[in-house]
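Subject: Structure handover

Hello,

Here is the structure for you to look at. My notes on it follow below.

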Amino acid sequence: MKGFFFHCMKPLRPQPVPHHHHHHHLFEPSSFNEFKIRMHAQTLVSYFFVSDSAQILPSEDTALPNGGQIHRNLDCISPFSNPRSFSLAQFVSRFSQLRRFSSSSNGSPPRDDSIPAVSLDSSNPPIDAGSSIRKPAVFWPGIHHSPVTKALWEARSSIVDVLSQATSDSPPKGKVTKSPRMSRTSVFYKFSTDYALREQYRNPWNMIRMGRLVEDLDALAGTISYKHCSDVDSTTMPLLLVTASVDKMVLKKPIRIDLDLEIEGAVTWVGRSSMEIQLKVTQTSPDTSNPLALTANFTFVARDSNTGRSALVNQISPETEDEILLWNEAEERNKMRKRTREEPTRRVDIEEVNRLNELLAEGRVFCDMPALADRDSILMKDTCLQNSLICQPQQRNIHGRIFGGFLMRRAFELAYATAYSFAGTAPCFKEVDHVDFLKPLDVGNFLRFKSCVLYTELENPCQPLINVEVVAHVTRPELRSSEVSNKFYFTFSLCSDALKNGLRIRNVVPATEAEARRVIERMDAES
């Protein structure tokens with residue numbers, strides 16, 4: 001935008017006045033004094049549209065340093081039929097496509113079109129997602145993410161600064177019991193009135209960009225975990241809090257981009273060194289009476305900032321019936337995860353061998369007799385997509401590691417593209433299955449995302465399901481090594497309009513035993 005206005009508003013050289021005055025051009029000065037006024041007006045307009053500190057245009061009667069008025073000096077560059085009656089308001093209307101900023105870089109209070117984040121507990125000050133409340137933006141990696149993620153990371157800064165006063169020989173953090181309401185935080189998206197914000201979350205089909213919303217959910221969960229683990233004692237050692245896993249995330253109804261949206265959450269369960277945060281996405285719409293659109297459970301773990309070992313976290317004391325219920329549900333999920341980890345490797349029985357042979361039967365036809373293969377089926381390997389990237393500093397979190405929300409967004413967008421290229425029409429997101437963050441990623445790591453359609457569910461012709469797997473590999477070319485850092489599983493369906501037009505989904509079949517085992521593992525996990 002800066003280049004545009006410098007180019008359009010650069011001072012013009014004086015031109016000789018033509019002899020035929022009956023077609024006098026608007027920008028041809030009739031005198032040297034008028035040329036000087038025009039040059040001053042163009043410089044003034046360039047400043048008001050380009051300067052970072054002038055995000056709100058002044059009124060048309062704002063006094064100039066030389067005592068003139070803005071609208072007087074704009075007379076001679078007005079494109080209107082009566083330039084002497086031209087005002088600044090008319091000039092601004094000519095540039096209605098300008099983006100209106102929701103924040104002020106000089107720390108002034110945000111305007112009404114900012115993105116307020118509302119805290120449900122009056123004792124917790126609200127987080128304003130539309131204002132920069134602290135350090136210059138260049139010091140925050142969050143500026144390269146969504147405006148909400150940026151604001152949430154800045155909200156943690158006061159906690160980080162207090163804890164950073166501790167020295168390496170400070171005592172370990174002690175236990176404090178807190179209630180869930182003390183960590184409860186919410187963010188409000190004013191999509192209905194904030195055009196600039198809506199543009200940042202809109203996908204090509206005028207729906208919500210789910211990958212960006214998932215990124216915000218991870219940032220909100222991290223901020224909530226920091227609030228729960230913080231205390232007023234700046235002499236204890238700070239903790240490193242990282243995303244360990246995300247439980248199944250089910251979309252209960254479509255999220256519209258033209259209606260206001262709210263995400264809120266709190267710590268619902270605490271173990272020795274881990275905690276679970278439940279987040280809810282709500283949107284009031286005329287289509288349904290239930291505003292709940294999505295629920296997600298994030299698990300964070302605490303590490304000692306010096307040793308990297310697990311560290312104690314503040315305990316939780318649920319107070320209301322709902323809080324007690326959520327604590328019991330989270331306790332059951334934690335016990336189930338422990339049982340899964342402790343179960344020995346299951347021996348292959350005859351039933352599993354039969355399942356493998358059944359899955360591989362059609363794949364063998366594709367490999368051995370491709371001319372006779374079913375045209376309504378496709379090999380799993382033919383649905384694959386992948387992309388690669390170098391983890392950049394702009395993608396790090398406040399600990400210097402790669403932000404987990406960024407990884408989830410990249411994985412989601414690759415999965416969406418995979419389902420899109422497989423189905424031949426834009427898919428509808430349904431759910432994210434359980435995600436484990438197996439290895440932390442550092443700046444400079446070479447990351448590869450590989451995706452494929454794992455299998456399809458065609459039993460219900462009105463809602464066929466496409467199950468997509470995305471595997472993230474950390475590759476180290478210097479060491480000739482590659483290892484899995486994350487596995488993501490997404491489920492998509494098709495919009496009703498596409499199904500009405502006769503679009504059909506093909507059956508996906510594995511060609512190798514390893515592929516067939518991956519399918520069986522996912523089917524068992526779903527059941």
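**What covers helix α13**

The cover over the buried residues of α13 includes α10 (350-368), β13 (446-457) and β15 (481-494). Buried means under 20% relative accessible area, exposed over 50%, partly exposed in between (1.4 Å probe, protein chains only). Helices (H or I, at least four residues) and strands (E, at least two) are DSSP runs, numbered from the N terminus.

Before you go further: this is a predicted model, where local features need pLDDT of at least 70, side-chain atom pairs count only at pLDDT 80 or more, and totals for chains, interfaces and linings use all residues. Residues are numbered from 1 along each chain as its sequence is written, and side-chain values use heavy atoms, with hydrogens and water left out.

**Helix α13 itself**

α13 has 14 residues (513-526), which should span 20 Å at 1.5 Å a residue; its end C-alpha atoms are 20 Å apart, in agreement. The expected span is 1.5 Å times one less than the number of residues.

Which residues of α13 are buried? They are E515, A516, V519, I520 and R522. Seen down the axis of α13, the buried residues fall within an arc of 165°, so they line one face of the helix. The arc is that of the directions from the helix axis to the C-beta atoms. On the other side of α13, A514 and E521 are exposed.

**Packing against α10**

α10 and α13 pack at about 115°, with axes 9 Å apart. Axes are lines fitted to C-alpha atoms, for helices over the stretch in contact, and angles run from 0 to 180 degrees between N-to-C directions. From α10, the contact uses E352, R355, L356, L359 and L360. From α13, it uses E513, A516, R517, V519, I520, M523 and D524. Contact means heavy atoms within 4.5 Å.

**Two positive phi values**

N206 has phi near 60°, positive in a residue other than glycine. It sits in the loop between α7 (195-201) and α8 (210-229). N206 is partly exposed, at 46% relative accessible area.

R480 is not a glycine either, yet its phi is positive, about 55°. It lies in the loop between β14 (465-476) and β15. R480 counts as exposed, with 74% relative accessibility.

**Whole protein**

The protein has 13 helices and 16 strands. Of its 527 residues, 46% are buried. Among contacts with a separation of 6 or more, 72% join residues 24 or more positions apart.

Best regards
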